[in-house]
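We will go from stop to stop, with something to select at each one.

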Amino acid sequence: MILNFEDLQVPVYITKEEQMASKNTDNMITLLHVSTIVKGREANDHFLELVEKAKVTGISSQDETGNPLQNWKVKNITWNYRDNENIYFHNLELEEVEE
């Protein structure tokens with residue numbers, strides 16, 4: 001799956017998928033946990049800025065062939081850094097946006 005941020009498309013790996021009842025409609029919606037890797041401090045800083053904006057504006061996803069999938073709210077992000085390798089590991093929690 002690929003997440004579409006403002007000026008960046010980020011391939012992610014789904015690590016967990018859950019179904020839950022929407023607080024608004026009681027319809028079932030998807031909660032995804034995804035992970036990705038960012039290389040380089042500048043790229044990581046830019047990615048973190050995009051994620052913070054996406055917490056407000058939301059993001060969309062597409063499959064590997066470019067077909068649109070879903071819109072998401074970013075609920076949470078955690079990340080860590082591997083010393084001396086300049087590699088940043090990110091985990092995001094996404095909630096499906098109801099149309």
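**Before you click**

This is a predicted model, in which local features need pLDDT of at least 70 and side-chain atom pairs count only at pLDDT 80 or more, while totals for chains, interfaces and linings use all residues. Residues are numbered from 1 along each chain as its sequence is written, and side-chain values use heavy atoms, with hydrogens and water left out.

**Stop 1**

Buried means under 20% relative accessible area, exposed over 50%, and partly exposed in between, with a 1.4 Å probe and protein chains only.

Now colour by element of secondary structure. Helices (H or I, at least four residues) and strands (E, at least two) are DSSP runs, numbered from the N terminus. In soluble globular proteins, nonpolar side chains tend to be buried together.

Next, centre on Phe5. Setting aside residues up to four places away in sequence, Phe5 touches Val10, Phe47, Leu50, Val51, Ala54 and Ile59; contact means heavy atoms within 4.5 Å.

**Stop 2**

Go to Asp7, in the loop between β1 (2-4) and β2 (9-11). Is Asp7 buried or exposed? Asp7 is exposed, because its relative accessible area is 54%. Beyond its neighbours within four places in sequence, Asp7 is in contact with His46 and Leu50. Draw a distance between the side chains of Asp7 and His46: they make a polar contact of 3.1 Å. A polar contact is a pair of N or O atoms within 3.5 Å; within protein, one must be able to donate a hydrogen and the other to accept it, and residues adjacent in sequence count only if both atoms are side-chain atoms.

**Stop 2: His90**

Jump to His90 in strand β7. His90 counts as buried because its relative accessibility is 1%. Which side chain joins that of His90 in a polar contact of 2.5 Å? Select Asn44 to see the partner. Residues touching His90, not counting those up to four places away in sequence, include Val34, Phe47, Leu48, Ile77 and Trp79.

**Stop 3: two pockets**

On a 1 Å grid over the protein atoms alone, a cavity is a set of points where a 1.4 Å probe fits but cannot get out, and a pocket is an open set with protein on both sides within 12 Å along at least five of seven lines; lining residues have an atom within 4 Å of a point.

The largest pocket has a volume of about 190 Å³. Select Leu8, Gln9, Val10, Pro11, Tyr13, Ser35, Thr36, Ile37, Val38, Ala43 and Phe47 to outline this pocket. β4 supplies the largest share of the lining, 4 residues, and the lining residues divide into 8 nonpolar, 3 polar and no charged.

The second largest pocket has a volume of about 160 Å³. Its lining includes Met20, Ser22, Lys73, Lys75, Glu95 and Glu98, and by class it has 3 nonpolar, 2 polar and 6 charged residues.

Stay with Ser22, in the loop between β3 and β4. Ser22 counts as buried because its relative accessibility is 3%. A polar contact of 2.4 Å joins the side chains of Ser22 and Glu98.

**Stop 4: positive phi**

Finish with the backbone. Asp26 has phi near 70 degrees, a positive value in a residue other than glycine; select it in the loop between β3 (13-21) and β4. Asn86, in the loop between β6 and β7, has a positive phi near 60 degrees. Asp26 counts as exposed at 63% relative accessibility, and Asn86 counts as partly exposed at 33%.

Definitions and conventions: Grid points are joined across faces, edges and corners, and a volume is the space filled by probe spheres set on the points. Ala, Val, Leu, Ile, Met, Phe, Trp, Tyr, Cys and Pro count as nonpolar, Asp, Glu, Lys and Arg as charged, and the others, Gly among them, as polar.
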